[in-house]
Amino acid sequence: MAPPTDYSQSDVCNMSFMWCKLAGASKKKLPRDVPPGHLAVTVGDGGRRFVIKANYLNQPVFRQLLDEAYEYHGLNKAGPLAIPCDEHLFRDIIHLLDGGLDVCQLT
C-alpha cells in the first residue's frame with residue numbers, strides 16, 4: 001500500500017524525524033556539514049550524498065521522490081534517507097529549486 005501523497009508540514013517533519021530515528025541519528029550528533037534547516041540524503045544507485053534545504057520536502061516533486069523512496073525501501077531502510085532517483089535529474093531539480101523556480105511548471 002502506497003503512502004498518502006498529500007502531506008502537511010507536520011507530516012513532513014514527522015517523516016524527517018522517522019528517517020533520523022531509523023538511521024540512528026538520535027544517538028549521534030549531526031554531521032558538521034549539515035547546517036540548521038538542512039538534511040543529508042543519498043541519491044541514486046551510487047548513493048551520492050547531497051545536503052538539501054529541509055523546506056524542499058514541502059515541494060510536490062520531493063513528495064513524489066519520498067513516495068518512491070517509501071515504495072522502494074519501505075520503512076525498514078537503515079541509514080540516511082535514500083532517494084531512488086537519477087543523480088543528474090536530482091541535481092537539476094535542486095538547481096531549479098535554488099533558483100526559485102516551481103518545478104511543477106516544467107511538466
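Analyst: Happy to! This is a predicted model, and its protein chain has 3 helices and 3 strands.

User: In what order do the elements of the protein chain run from the N terminus on?
Analyst: The chain holds 3 helices and 3 strands. Read from the N terminus on, the elements follow the order α-β-β-α-β-α.

User: What share of contacts between residues at least 6 apart in sequence join residues at least 24 apart?
Analyst: For background, 33% of the 107 residues of the protein chain count as buried. As for contacts between residues at least 6 apart in sequence, the share that joins residues at least 24 apart is 56%.

User: Let's turn to Leu 39. Does it count as buried or exposed?
Analyst: Leu 39 sits in strand β1. The cut-off for burial is under 20% relative accessible area. Because Leu 39 has 15% relative accessibility, it counts as buried.

User: How far is the C-alpha atom of Leu 39 from that of Val 51?
Analyst: Leaving aside neighbours within four places in sequence, Leu 39 is in contact with several residues, including Phe 50, Val 51, Ile 52 and Leu 81. Leu 39 and Val 51 are 12 residues apart along the chain, and their C-alpha atoms are separated by 5.5 Å.

User: Which elements give two or more residues to the largest nonpolar core?
Analyst: That core has 18 residues, and among those with the most contacts inside it are Val 41, Ile 52, Leu 65, Ile 83 and Phe 90. The elements that give two or more residues to this core are β1, β2, α2, β3 and α3.

User: Which residues does Ile 83 touch, not counting those up to four places away in sequence?
Analyst: Ile 83 is one of the residues with the most contacts inside the largest nonpolar core. With residues up to four places away in sequence left out, Ile 83 touches Val 41, Thr 42, Val 43, Gly 44, Leu 65 and Phe 90.

User: Why does the ring pair of Tyr 56 and Phe 62 count as stacked?
Analyst: Tyr 56 and Phe 62 are both buried. Rings pair if their centres lie within 6.5 Å, and planes under 30 degrees apart count as stacked. Here the centres are 6.1 Å apart and the planes are at 25 degrees, so the pair is stacked.

User: And which residues do ring pairs link into a cluster?
Analyst: The count of aromatic pairs comes to 3. Ring pairs link these residues into a cluster: Phe 50, Tyr 56, Phe 62 and Phe 90.

User: Now α3. How far apart are its end C-alpha atoms?
Analyst: Helix α3 covers residues 87–98, which makes 12 residues. At 1.5 Å a residue it should span 16 Å, and the model agrees, because its end C-alpha atoms are 16 Å apart.

User: On which side of α3 are His 88 and His 95 exposed?
Analyst: Phe 90, Ile 93, Ile 94, Leu 96 and Leu 97 are buried in α3. They cover an arc of only 165 degrees around the axis, so they lie on the same side of α3. The buried residues pack against β1, β2, α2 and β3. His 88 and His 95 are exposed on the other side.

User: Which residue caps the N-terminal end of α3?
Analyst: Look for a side-chain oxygen that lies 3.1 Å from the backbone nitrogen of His 88. The residue that provides this cap is Asp 86.

Notes
Residues numbered from 1 in each chain as written. Predicted model: local features only at pLDDT ≥ 70, side-chain atom pairs only at ≥ 80, totals over all residues. Heavy atoms only, no water. Helix = DSSP H or I, 4+ residues; strand = E, 2+ residues; numbered from the N terminus. Expected span 1.5 Å × (residues − 1). Buried < 20%, exposed > 50% of the residue type's maximum accessible area, 1.4 Å probe, protein only. Arc of directions from axis to C-beta. Contact = heavy atoms within 4.5 Å. Polar contact = N/O pair within 3.5 Å; in protein donor to acceptor, adjacent residues only side chain to side chain. Core = buried A, V, L, I, M, F, W, Y, C linked by side-chain atoms within 4.5 Å. Phe/Tyr/Trp six-rings, centres within 6.5 Å; stacked < 30°, edge-to-face > 60°.
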